[in-house]
Amino acid sequence: MGTQTQETLIEVRNLKKFFKVGGQTLKAVNDISFTINRGETLGVVGESGCGKSTAGRTILRLYEPTAGEVIFEGKNISKLQGSELKAMRRNMQMIFQDPYASLNPRMTVGDIIGEALDIHGLATGQERKERIQELLSLVSLNPGHIDRFPHEFSGGQRQRIGIARALAVEPKFIVCDEPISALDVSVQAQVVNLLEQLQEKMGLTYMFIAHDLSMVKYISDRVAVMYLGKMVELAESEKLYEKPLHPYTQALLSAIPIPDPEVERKRERIVLQGDVPSPMNPPSGCHFRTRCPKAMPECAAMEPVWKEVEPGHFTACHLYN
Amino acid sequence: MEKILEVRDLHVTFHTYAGEVQAVRGVNFEVGKGEAIGIVGESGCGKSVTAQSILKLLPQPPVQYKQGSILFNGQDLLKKSEKEMEKVRGKEISMIFQDPMTSLNPTMTVGKQIAEGLTKHHKMSAAAAHKRAVELLEMVGIPQPERRVNQYPHEFSGGMRQRAMIAIALACQPQLLIADEPTTALDVTIQAQILELMKELQKKLGTSIILITHDLGVVADMCERVIVMYAGKVVESGTVDEIFYNPQHPYTKGLLRSVPRLDQNRNEPLTPIYGTPPDLLKPPAGCGYAARCESAMRVCQLYDPKLDMVRSNHQSACWLHHPLAQGKTGS
Ligand SMILES: Nc1ncnc2c1ncn2[C@@H]1O[C@H](COP(=O)(O)OP(=O)(O)OP(=O)(O)O)[C@@H](O)[C@H]1O
Ligand SMILES: Nc1ncnc2c1ncn2[C@@H]1O[C@H](COP(=O)(O)OP(=O)(O)OP(=O)(O)O)[C@@H](O)[C@H]1O
Ligand SMILES: [Mg+2]
Ligand SMILES: [Mg+2]
């Protein structure tokens, strides 16, 4: 297991992030609440557009929340400004999906990592260089490659540069937004192993956003499932995969193809009908009801409440009311 | 099984300023009637170039089909003229791509695009073709097909566009469907719908399928046989069971070990493959995988291993299978 503790590092309370799009309101993240413990990896899964990245960015204050609060180490950070905000930012970093687009092609690896040190005034001169080399070794890159440019590295290596940049400021919490999605299967394992090792070594806490449900299960202590801006289920990863409660989680898990022909032959798949509705105009009541095989009349009338149905197992579904 | 397609010793190159990129370097495989095969392998290993060569979709130059043959029902497609190929494309062999927007025409209604092949290849009247287009949209699971048939691709969601492309591809009931990462851009629940649809069509119409994907789960779900490519070559091929439960080539073993099993514990680290594939501008003389292979021997750097039968339904190209190397099997 990871390095999970019982101490809450982050508490997210009724967080909302709405965007104005062409005069309409798009509720990208619509009232989500959960906690992340120190040293834990919380996986976040769900289909494209359900609000995973927006949730991550809003927690980090890269987006201003529309409503709600984020408590970090007991301190409400939702309203921080200026130097207080900057100081807080050091604690929280982000690793992005695209290792090609997220690194400036005109900067050397040393400058990319060094920039993070400069922003927070953490090291200068010889110390800065040593620190960069140390970070490169930490992510298993050759410290001698400090003056190379991103295009001289492979995809997996570029993702390591992104990780080194995030680690430069010694954060406590990292949002990993699909850090392996753009990588070949054979390379994904490198990055995942590295993230695990670093967590162990430095007690890091991760929010790990991904599409790949088997990788999420492997890396996460707990997993949250999102649908159209809402969190629909949250549980320990073993539990979620063994006994998913929400019909959407059940469908999602049954839809992942498993790399085992014998398992695939025996499997009963829940194939959902239709597409994900537009987030501009989500269905009334439970947002999932239009595709839900178990929808009941009350699902259209009322939004289900988010509640703990079993110890540590949360879901928002009328079936469990 | 009766063969519908036989690719023999295919070599395909690209002329570039830097030199000749040897994208496909002697590929061999076959597809049976009604069979679904999967092609897997790392980015850049030549999956798409192989697939597009079958329909000769790549512009010559810069592409050159250097060597080999592609027999479709016994006839060599590489010897056919462009005019003859037009009769094959869409009618006997169809292709669907990862990004439907690159192959759908944005200025034409979806219905017209489906009907096009029917009026061209089957000499159907416009009215009959329109009616058939509605039926096809219904078959691929698009709701309200009478209304949707008159809409443009941008009015469709990603999953619906992929379905529309499948409808176009199937309009003329091709014998072979080539699907190049058809679900990579889609969400898993939509992917499940599309894969289910393809399986149904394979069963109902007896269509043979070549499915290119990097997702080993999709292969396990869809395919009867698997071709593993690496650096422009086939390194291993066999039935899904042979490839998943009895892999022989170190690259295939590496691929299978780098994805977590559903029951894999976090204490059990994943096993990545380090390094990168060779530059196909200057491919190595020996085995393309030797530089990354844990079990590489001297011979691997010098000579390229041939694809050998390891069992009746299983071939692999590796020096470790040579009688003189027995006992050195590494991992
Ligand atoms: N800056 C923005 N302005 C307007 N709308 C936005 C913005 N960012 C995201 N959205 C919208 O918010 C919704 C949630 O987007 P988000 O990127 O968080 O989804 P996601 O779950 O990360 O999806 P993916 O898996 O595709 O990355 C989407 O409908 C998206 O179009
Ligand atoms: N237009 C081109 N000019 C030069 N080289 C090319 C061109 N298109 C492809 N190649 C090269 O041919 C090789 C095979 O490419 P191909 O597109 O078949 O890979 P692939 O296996 O489909 O990869 P992916 O999984 O990324 O789609 C690659 O090394 C690529 O760089
Ligand atoms: Mg995202
Ligand atoms: Mg390709």
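Mentor: A charge sits over a ring if NZ of Lys or CZ of Arg is within 6 Å of the ring centre and within 35 degrees of the ring normal. The model is predicted, and in chain A the charged end of K217(A) sits over the ring of Y241(A), at 5.7 Å from the ring centre. Chain B has a case with arginine: the charged end of R148(B) lies over the ring of F156(B), 5.5 Å from the centre of that ring.

Now the ring pairs. Over all chains, eight aromatic pairs are counted. One of them joins Y230(B) and Y251(B), with 4.6 Å from centre to centre and 55° between the planes, a tilted arrangement. This pair links distant parts of the chain, since Y230(B) belongs to strand β9 (residues 225-230) of chain B and Y251(B) to helix α11 (residues 250-258) of chain B, 21 residues apart. Y230(B) and Y251(B) are both buried.

Y251(B) also pairs with Y289(B): the ring centres are 5.3 Å apart and the planes meet at 65°, which is over the 60 degrees that the class requires, so this pair is edge-to-face. Here too distant parts of the chain are linked, with Y251(B) in helix α11 and Y289(B) in the loop between α11 and α12 (298-302) of chain B, 38 residues apart. Y289(B) is buried, as is Y251(B).

In chain A, a single aromatic cluster is formed by Y227(A), Y248(A) and F288(A).

How values were computed: Residues numbered from 1 in each chain as written. Chains lettered and ligands numbered in written order. Predicted model: local features only at pLDDT ≥ 70, side-chain atom pairs only at ≥ 80, totals over all residues. Heavy atoms only, no water. Phe/Tyr/Trp six-rings, centres within 6.5 Å; stacked < 30°, edge-to-face > 60°. Helix = DSSP H or I, 4+ residues; strand = E, 2+ residues; numbered from the N terminus. Buried < 20%, exposed > 50% of the residue type's maximum accessible area, 1.4 Å probe, protein only.
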